[in-house]
Amino acid sequence: MNFLLLLLLCSFFSCSKLNYLTKQGIGQFKIHWNSVDNEKILSDPKVKTHIKDKIKNVEILKSYFYTFFSQKKTSIYSKTSLLDQEAVTYLVIATPFNKLKALEHSFPIIGTVPYLGFFDKKDAMNFSKELDHKDYITYVRPVYAYSTLGWFEDRILSSFFYFNQFDFAELIFHELFHTLFFISNDVTTNENLADFFSKKLLEIYYKNNDQFNNYKMQMNKRKILSRVLVGKVNSYKKLLSNEKIESKEEAISFFEKFYQKEILIHFKDLCNKENIEAKYCYPTKGRWNQARFVAYMTYNEKQEKLETF
């Protein structure tokens with residue numbers, strides 16, 4: 001790349017954004033370059049049976065999905081990429097310490113997104129630290145699947161294979177839905193719709209499966225947790241907007257008091273009441289902060305409204 005072209009690109013994107021796009025472009029290219037035709041993998045005696053079974057299942061789910069929506073089947077998932085890490089990308093979500101609002105990033109064509117994704121975990125952690133130093137509160141989330149929205153021919157990723165039978169099917173339906181429907185500049189609506197329709201399609205697909213009944217019971221219990229948690233996050237958002245928070249340290253302390261009282265204790269009681277095993281009581285698991293609240297709402301905020309349609 002010559003110097004003049006570099007200057008022109010930097011003036012259009014900013015050099016830091018250009019560096020980001022270049023790195024992620026290379027990461028996407030590697031996934032595509034290292035992928036192998038499904039037929040070749042399925043005929044390879046060195047490939048483990050459980051991997052072959054997953055690939056066959058993707059092809060079955062894909063055919064069902066496009067038939068269900070009366071759409072022509074695309075070439076998506078005709079190749080598989082075996083990754084050298086568990087997750088395919090890592091999202092960095094950030095929010096100002098005194099607001100429950102995602103830091104947004106704008107790009108040509110795809111519009112505005114409430115996070116940045118990194119193929120290299122180290123890059124994600126470095127960006128998170130950079131934002132931390134600027135007084136943002138951050139959350140780094142592993143991602144096991146994503147859609148390029150038709151810009152590339154998406155691959156089956158080995159990160160899919162960590163999911164159980166029903167979560168796996170829901171994941172495939174979720175990502176395939178993005179190939180049919182996408183609203184520019186509205187990640188929250190896109191993800192909520194994909195989540196809603198993938199769950200509904202999952203119920204239809206497995207309606208005669210006895211094992212699915214137990215899974216569905218757990219899924220319904222998770223819906224209870226989700227509805228309550230969305231309400232709690234909205235309550236926190238209102239409290240934060242009425243509070244005069246003047247430093248990141250003060251914001252962290254304010255959040256911790258809310259989390260201990262309104263999330264940790266409340267959801268332990270709720271999970272006991274609903275007979276939900278502790279390992280599935282996700283609001284009490286892992287590290288929660290304002291940025292994780294924002295990440296959670298991206299996928300769940302509109303679920304209750306969608307259920308009413």
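Biologist: Is Asp 132 buried, partly exposed or exposed?

Modeller: This is a predicted model, in which local features need pLDDT of at least 70, side-chain atom pairs count only at pLDDT 80 or more, and totals for chains, interfaces and linings use all residues. Residues are numbered from 1 along each chain as its sequence is written, and side-chain values use heavy atoms, with hydrogens and water left out. Buried means under 20% relative accessible area and exposed over 50%, with partly exposed in between (1.4 Å probe, protein chains only). The relative accessible area of Asp 132 is 27%, so this residue is partly exposed.

Biologist: Which side chain meets Asp 132 in a salt bridge?

Modeller: A salt bridge requires a side-chain nitrogen of Lys or Arg within 4 Å of a carboxyl oxygen of Asp or Glu. For Asp 132 the N to O value is 3.5 Å, and the partner is Lys 248.

Biologist: How many residues apart in sequence are the parts that Lys 248 and Asp 132 tie together?

Modeller: Helices are DSSP runs (H or I, at least four residues), numbered from the N terminus. Lys 248 lies in helix H9 (residues 248–273) and Asp 132 in helix H5, so the pair ties together parts whose separation in sequence is 116 residues.

Biologist: Why does Arg 155 count as buried?

Modeller: Arg 155 forms a salt bridge with Glu 153, with 2.8 Å between the closest N and O atoms. Glu 153 is partly exposed, with a relative accessible area of 28%. Arg 155 counts as buried because its relative accessibility is 9%.

Biologist: How much space lies in the largest cavity?

Modeller: On a 1 Å grid over the protein atoms alone, a cavity is a set of points where a 1.4 Å probe fits but cannot get out; lining residues have an atom within 4 Å of a point. The structure holds one cavity of 30 Å³ or more. Its lining includes Gln 28, His 32, Asp 154 and Arg 155. The space in this largest cavity is about 60 Å³.

Biologist: Which helix gives the most to the lining of the largest cavity?

Modeller: Among the lining residues are Gln 28, Ile 31 and His 32. With three residues in the lining, the helix that gives the most is H2 (residues 15–33).

Note on methods
1 Å grid on protein atoms, 1.4 Å probe; cavity = no way out; pocket = protein on both sides within 12 Å on 5 of 7 lines; lining within 4 Å. Points joined across faces, edges and corners; volume = space filled by probe spheres on them. Helix = DSSP H or I, 4+ residues; strand = E, 2+ residues; numbered from the N terminus.
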